[in-house]
Amino acid sequence: MKYNYPNKIPFRKFLRMSASIAKNPIPFHNKCFNEAGDTFAVKSPFYGHIVLTRDIHVVKHILQKNHKTYHKSKIQTKYLSKYVGYGLLTSSGDYWLKQRRLIQPAFHKEKIQNLVSIIDTTIETQVNTIKAGDFVDLYPLMNELAFEVVAKSLFHFSAEKQTLKRLQFIIEKLQLFIVKELRMPYKKMWYFLKGDINYHMKLVKESRSIINTIIDHRRQSDETHDDLLDMLLHAQYDDGTTMTNQQLIDEILILFVAGHETTANALTFTLKLLAQNKEELKKVEDEINKANHKNVTPLQSIAQLNYTKCCIEESLRLYPPAWITDRVNIEDDRVENYHLKKGTIIGASIYELHRNKNYWDDAERFKPERFLEENRKQILQYYMPFGAGPRLCIGNNFAMYEMILAVKSIVNKFHISTDNNTIKINPLITLKPVDVKLKFSLKAP
């Protein structure tokens, strides 16, 4: 049977740029998209045919219209899951569907709304630790804030600071090594001989032990909490059974990983963009001040901070934490003019889709007004910071509530400023900000 792939990038070109691709693949992707079109292919000796796309029709085909034919690839189900567990993010097929149905109720909007006061209190506590004065590295502050929010609001978990710090450290180390393994598979034997694989698998064991301690503590406790952990412990499958400890560890570890780092990234990018764009920052400050004078609850304030929400959404467009997602077809398939052989990996570049000039006016510019109600309808079909289709991020409402409340809290207390208009990125498993520094100056009481 004859298969028809998109414009192919010569492997020698891929090989020539392999060192720079391993460090940061986005410039290579962008160059190929601009030269070959919105969908192109590369044949890898390690992964076979890889198709990359920023074409909305192809993206919607694999994530929505024909999603049953497209499962997550081994990159996630095998290699990533080895380090972060076989949970919602990394599982596929019937097992994923069973887990999604089990866990989904805990993330219904009403459930998340019940957690808003805990989220808000945790954020306020963290914001009060920010020191005013000199320029500081922003990401570590946002990382700690987001981690505390996940730990306390979803799991009522208040372990020793040292334990939380250790879990954060492990997650960071594992992500860096996962990316090295995936981008430089030819070095796998060297990693093994050097002891890197053994060292990181020990970190995996330690992280799972930390999560297991959380589970055991809750099982032995007489207290009940209306949180995700209680729900996971008591949720029953159709046959009346509950999750094993190993399944619980998988899901909780994934939620810790996905639930804090993506938010920390997004908050860092959002605050940096606001500091760079004084006019938009002033609108956010005015909106927040107006909400403050109404003496509303944290949940009510979220509904009144629409422009603030637009700024966060525009930041997520320009710098989507989940910057790329991949699928593999489990049977031959046709999409657009292409006939793809079973087993083809397709990477949907959300980063490039969100900057595709065919879909976005003035695509590189920070324009929160795009997301005002009167403009939303025409752009939302091209906007996928939380994915799309049945695998839409389960925690999207939680993340948006948290980010709105965090921006509100920070802007309430501080004037934020930057001394440059440069934003550097590092596309790891998530899109990470690099060397973003802001100055926090206390506002008059």
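Analyst: A search of the whole structure finds 22 salt bridges, a salt bridge being a side-chain nitrogen of Lys or Arg within 4 Å of a carboxyl oxygen of Asp or Glu. The model is predicted, so local features need pLDDT of at least 70 and side-chain atom pairs count only at pLDDT 80 or more, whereas totals for chains, interfaces and linings use all residues. Residues are numbered from 1 along each chain as its sequence is written, and side-chain values use heavy atoms, with hydrogens and water left out. In general, side chains of opposite charge can pair when their charged atoms come close.

One of these pairs joins R376 and E313, whose side chains meet at 2.9 Å, N to O. This pair links distant parts of the chain, 63 residues apart: R376 lies in helix α19 (residues 373-379) and E313 in helix α17 (residues 306-318). Helices (H or I, at least four residues) and strands (E, at least two) are DSSP runs, numbered from the N terminus. R376 is buried, with a relative accessible area of 14%, and E313 is buried at 6%. Buried here means under 20% relative accessible area, exposed means over 50%, and partly exposed lies in between (1.4 Å probe, protein chains only).

Helix α17 also holds E314 and R317, three residues apart, about one turn of the helix. The side chains of E314 and R317 form a salt bridge at 2.7 Å, N to O, and each of the two residues is buried. S315 has its place in helix α17 as well, and counts as buried because its relative accessibility is 1%. Leaving aside neighbours within four places in sequence, S315 is in contact (heavy atoms within 4.5 Å) with A266, F269, T270, L273, P320 and F366.

D286 and K282 meet at 3.0 Å, N to O; being four residues apart in helix α15 (residues 278-293), they are separated by about one helical turn. D286 counts as partly exposed at 39% relative accessibility, and K282 is partly exposed at 44%. Elsewhere, D38, R54 and E352 are linked in a network of salt bridges.

The second largest pocket brings R376 and E313 back into view. About 480 Å³ of space lies in this pocket. Among the 20 residues that line the second largest pocket, K309, E313, R376, N397 and M400 are the closest to its centre. On a 1 Å grid over the protein atoms alone, a pocket is an open set of points where a 1.4 Å probe fits, with protein on both sides within 12 Å along at least five of seven lines, and lining residues have an atom within 4 Å of a point. Grid points are joined across faces, edges and corners, and the volume is the space filled by probe spheres set on the points. Helices α16 (298-304), α17 and α20 (396-413) each supply at least two residues of this lining, and α20 gives the largest share, five residues. The lining divides into 13 nonpolar, three polar and four charged residues; Ala, Val, Leu, Ile, Met, Phe, Trp, Tyr, Cys and Pro count as nonpolar, Asp, Glu, Lys and Arg as charged, and the others, Gly among them, as polar.

In soluble globular proteins, nonpolar side chains tend to be buried together. Of the 130 residues in the largest nonpolar core, F155, I211, F256 and I416 touch the most other members. Helix α14 (residues 245-276) gives the most to this core, with 16 residues. A nonpolar core is a set of buried Ala, Val, Leu, Ile, Met, Phe, Trp, Tyr and Cys residues joined through side-chain atoms within 4.5 Å. Helix α14 is also the place of A275, which is buried, with a relative accessible area of 2%. The C-alpha atoms of A275 and I416 are separated by 5.9 Å, although the two residues are 141 residues apart along the chain. Not counting residues up to four places away in sequence, A275 touches I416, S417, T418 and L438.
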